[in-house]
Amino acid sequence: QVQLVESGGGLAQPGGSLRLSCTGSGFTFSSYNMGWYRQGPEKERELVATISSGRRTNYADSVKGRFTISRDNTENTVYLQMNSLKPEDTAVYYCNAEGVWGTVVVGPYWGQGTQVTVSS
């Protein structure tokens, strides 16, 4: 059974930092592309950052230069380091896992989400 468990959310001040973690189980973590998505109040879920099984990264324009995605395959964990936080970063952040091998796609799988609130 695939499970993704996020942690690290909370309250931060504008300009502050938070580090999100997502630990996966029930699948071969190192073979999957991992990502972070977010859904703000009354907004659609949007991509924040992704990291492929080969460690290629991709970022939304709104977070480039501020957020960094990384993965530790020995710990089955993907991280999102968030710096220079802005109030508009307030959202529920979701971890995502998807396996893609040619035309074969497995997933996506989602975590339960962790709340990030940026406010003074």
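Hi everyone, a quick word on conventions before the tour. The model is predicted, so local features need pLDDT of at least 70 and side-chain atom pairs count only at pLDDT 80 or more, while totals for chains, interfaces and linings use all residues. Residues are numbered from 1 along each chain as its sequence is written, and side-chain values use heavy atoms, with hydrogens and water left out.

Let's start with the sheet. Four strands make up an open sheet, ordered S1-S3-S8-S7, with antiparallel pairing. Strands here are DSSP runs of E with at least two residues, numbered from the N terminus, and two of them pair if DSSP finds at least two bridges between them. At the edges stand S1 (3–7) and S7 (67–72); each has a single partner strand, so one side of each is left without a neighbour in the sheet. From one strand to the next, the twist averages 15°, taken between lines fitted to C-alpha atoms, with angles running from 0 to 180 degrees between N-to-C directions.

Now zoom in on one pairing. S1 and S3 (residues 18–25) are antiparallel and share five bridges. Which residue in S3 is the bridge partner of Ser-7? That would be Ser-21.

On to the core. A nonpolar core is a set of buried Ala, Val, Leu, Ile, Met, Phe, Trp, Tyr and Cys residues joined through side-chain atoms within 4.5 Å. Buried means under 20% relative accessible area, exposed means over 50%, and partly exposed is in between, with a 1.4 Å probe and protein chains only. The largest nonpolar core has 28 residues, and the members touching the most others are Met-34, Trp-36, Val-78, Leu-80, Met-82 and Tyr-93. Elements giving two or more residues to this core include S4 (33–39), S5 (46–51) and S8 (77–82). Which strand gives the most? S9 does, with four residues.

Tyr-93 is worth a click in your viewer. Beyond its neighbours within four places in sequence, Tyr-93 has contacts (heavy atoms within 4.5 Å) with residues including Glu-6, Trp-36, Arg-38, Phe-67, Leu-80 and Val-116.

Next, the disulfide, which is a pair of cysteine sulfur atoms within 2.5 Å. The structure has one, and this disulfide joins Cys-22 to Cys-95 with an S to S distance of 2.1 Å. Cys-22 lies in S3 and Cys-95 in S9, so the pair ties together parts that are 73 residues apart in sequence. The torsion about the S-S bond is about -80°, so the disulfide is left-handed. Cys-22 is buried at a relative accessible area of 0%, and Cys-95 is buried with a value of 0%.

Last stop, salt bridges: a side-chain nitrogen of Lys or Arg within 4 Å of a carboxyl oxygen of Asp or Glu. There are four in the structure. Arg-38 makes one with Glu-46, with the closest N and O atoms 2.7 Å apart. Is Arg-38 buried or exposed? Arg-38 is buried, at 5% relative accessible area, whereas Glu-46 is partly exposed at 36%.

Arg-38 also meets Asp-89 in a salt bridge, 2.9 Å from N to O. That pair links distant parts of the chain, 51 residues apart, with Asp-89 in the loop between S8 and S9 and Arg-38 in strand S4. Asp-89 is buried, at 0% relative accessibility. Through shared partners, salt bridges join Arg-38, Glu-46, Arg-66 and Asp-89 into one network.

Finally, Asp-61 and Lys-64 form a salt bridge with closest N and O atoms 3.1 Å apart, and Asp-61 is exposed at 65% relative accessibility.
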